[in-house]
Amino acid sequence: MIRNYIKTAYRSLVKNKGFTILNVLGLSLGLASCLLIIFYVVDELSYDRYNTKADRIYRVNEDLKLGENNVLYAVCMPPLAQTLKSEFPYVENTVRLKNAGSHHVKKGTETILENNMAFADPSLFDVFTLPMISGSPQTALAEPNSVVLTESTAKKYFTSTNVVGKTLTFDNQNAYKITGVIKDIPRTSHFNFDFFISMSTFPDSRSDEWLRSDYNTYVLFKSAADHKKLEAALPAFLNKYSGQQMQSQLKMNTAAFEKSGSYFRLNLTALTDIHLKSNRTGELGPNSTIQYVYIFSAIAIFILLIACVNFMNLSTARSSNRAREVGVRKVLGSPRKYLVFQFLTESILITLVATVIAFIAASALLPAFNQLSGKNMVINGQMLSWLIPALLAIILIVGSLAGAYPALFLSAFQPINVLKGKLSAGFKGGGLRSFLVVLQFSISIFLIVGTLVIHNQLNFIQNKDLGYNRSQVLIIQNAFELGNQAQTFKQEVKQIPGVDDATLTGYLPTANQKNTSIFFKDASFDQKKALFPQTWEVDADYIKTLDMKMAAGRSFSSEMLTDSSAIIINEAAAKFLGLDDPLNKPLYRSNGGEQVVSNSKEYHIIGVVKDFNFASLRDVVSPMVLVMGHNNGALSIRMNAKNIPVLLSQIKDKWSGLSNVQMNFSFMDQDFEAIYKAEQRAGAVSIVFTSLALIIACLGLFGLAAYAAEQRTKEIGIRKVLGASVSAITTMLSFDFIKLVFIAILIALPAGWYLMNKWLQDFAYRVNIQWWELALAGFMAILIAIITIGFQSVKAALSNPVESLRSE
């Protein structure tokens, strides 16, 4: 029986090639798009799940509120990890990681700058699943000056993984003994280091300070332990160990501190939530956001829904073509359930063919999609283990759902009515079909609105006045390599024609280097009057080089010795402090230690710089304090040259005269774009899939228009004989469809405006959704519908009435 269903279904599909091609093409596009998005979503959700103990690992975070200042940290105090392990019996182990920054590693006569280094506790390999190729996991990081390499790093320096016992020299002075080699860390990890240096190498790691945060701290719970139990115990635990230091530094205990409206708290984040749900200060790498997982998942569902709607609409629209077949079958005694099975078989067969084509297309397009989304996904055995069952489920579910209504609709025909020709056919009389067209275009219009808003927001980010000029600024990233000669290099570079100015500091609006300090408004050191700003060490050329604007006062001057105790604040800091005229007002900086007063310094405000964005545009500009200092982190060069390559060559020559280390550089505008790479990729992906959704919707509309024109062939012939013009017939045929598109516009535009407005709320600086964006989305939908329907309508209107009325 099943074989007969398949054979009959095959014959029917081959007989109606146009219908079959439209359905297969629509479903293939929809399923291919869906598969690509599924790959993306699964990849995002798989972060850190390679760890066999992932469900028991949590990171400890720190939340600090001081006065009106709020900071969320992904790092904690040095002694926390060991104290948690010894204090709570349900904690199996703990481990600390600390980014070790950049170091030069010697390879023969060559020196390579390595950026992916971290200090780690010996318990690293007990907590995380990092399989060791050679060496002992228990002792690899036990001794100072020991280092564990990843497999690719070992091969990079020694062309072999059998390197335990050998040494590497860092920065031409420190020798590190290789004590282990691990397999490369999976790409889906929230940290991805190439070198793990023993934590005992770093003297600060043994500090007992409880009011300083530097270490990413992870807790491994024992099996069946409840992490909420530890979270509930953390307030008392923190008060026990930090209370005394808080009393000495802030002159109040924890209770008084919290009573004043401030707080100092610890909390936990599940390891598998870090990549998508954490965006704190001190993250070990750039994270994504769960928001894009939701957005792309919704787009996948929408596209699949549009493809299914196409199938249902086309199947019911050609009902008159199958009506006599159903009538004859019923007269000959075929039960309704057999007819339902027959039509479902056709539906599943179409879905099967479409799924195979979709899988081939998705596989072929995966490299291009990787480039678009910034991923590096591959279809391997692990992916196929869940993909094949998922595809089989898609074939059955989509085939059954898409075919259920047409099967029930067609099998319900009464043979007496069908054989008498009383069946309503074509586009007219299809109430559900009209509803589905409205649904289809509502989704398409909503996607157009979303794409336009995302594009405009990204364009706004690219062109917003940031408070500094990022154009034509070259950044020498490793100026610190020059040591005491960094100032010499700066002065030599400033003499090169085409260089306007240069500033020497690692604190830049587009850099990751951040630093906070506590300032008090007066000498009483009242924490209610505390300021907790970003505090950057800059030189006298900083404001001028970055083309920042002063709102009041002046910039630093190297000729004024008193500027060593001078500061420049931004407008946000002045507003926070409530100072209408902040010039020459004092601020007291706490440098920590046992006593705030004896470890503090008085500064005077010499200027107010206009607010500039030094973090994401998702955040409001927060208070900033610039202090005069010596920081050789990077050299930023303001250029005005037309021939950048020649100028760059001259700068490299100056560098080579002072150092044999390779000069690493970037351009500030490129660094800025990298900050918003996730948004740019999301915008590009949404444009591609919105376009595909529109194409799929148009395929369905094209098919419906063709069948509607086919069912009204005789009516069109009679109207032409009676003198109707081509334009009148075209308008008549198009009106039914355009009316539905207008209804879809009325539904989709308010929904699009509301939901995209909510998305924009995540940005502190954002565009307002303009009326013309909504109008453009509606106009595009109407134009696309007219073009799609118009071809079939004009074709039908131009047909010869003699052909259609010959049999009458």
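## A pair of strands

Strand β14 (residues 473-476) pairs with strand β24 (residues 635-639) in the antiparallel sense, over four bridges. Strands pair if DSSP finds at least two bridges between them, and strands (E, at least two residues) and helices (H or I, at least four) are DSSP runs numbered from the N terminus. Within this pairing, V473 has R638 of β24 as its bridge partner.

This is a predicted model, where local features need pLDDT of at least 70 and side-chain atom pairs pLDDT 80 or more, while totals for chains, interfaces and linings use all residues. Residues are numbered from 1 along each chain as its sequence is written, and side-chain values use heavy atoms, leaving out hydrogens and water.

## The sheet and its helices

The open sheet has four strands in the order β15-β24-β14-β25, with antiparallel pairing. Its edge strands, β15 (499-504) and β25 (665-667), each pair on one side only. On average, neighbouring strands are turned by 20 degrees against each other, direction ignored.

Helix α15 (residues 486-494) packs on the sheet and touches β14, β15 and β24; contact means heavy atoms within 4.5 Å. The direction of α15 makes about 165 degrees with that of β15. Axes are lines fitted to C-alpha atoms, for helices over the stretch in contact, with angles from 0 to 180 degrees between N-to-C directions. Helix α18 (residues 644-656) also packs on the sheet, touching β14, β15, β24 and β25.

## An exposed residue

I787 lies in helix α23 (residues 771-797). I787 has a relative accessible area of 55%, so it counts as exposed (over 50%, with a 1.4 Å probe and protein chains only).

Technical notes:
Buried < 20%, exposed > 50% of the residue type's maximum accessible area, 1.4 Å probe, protein only.
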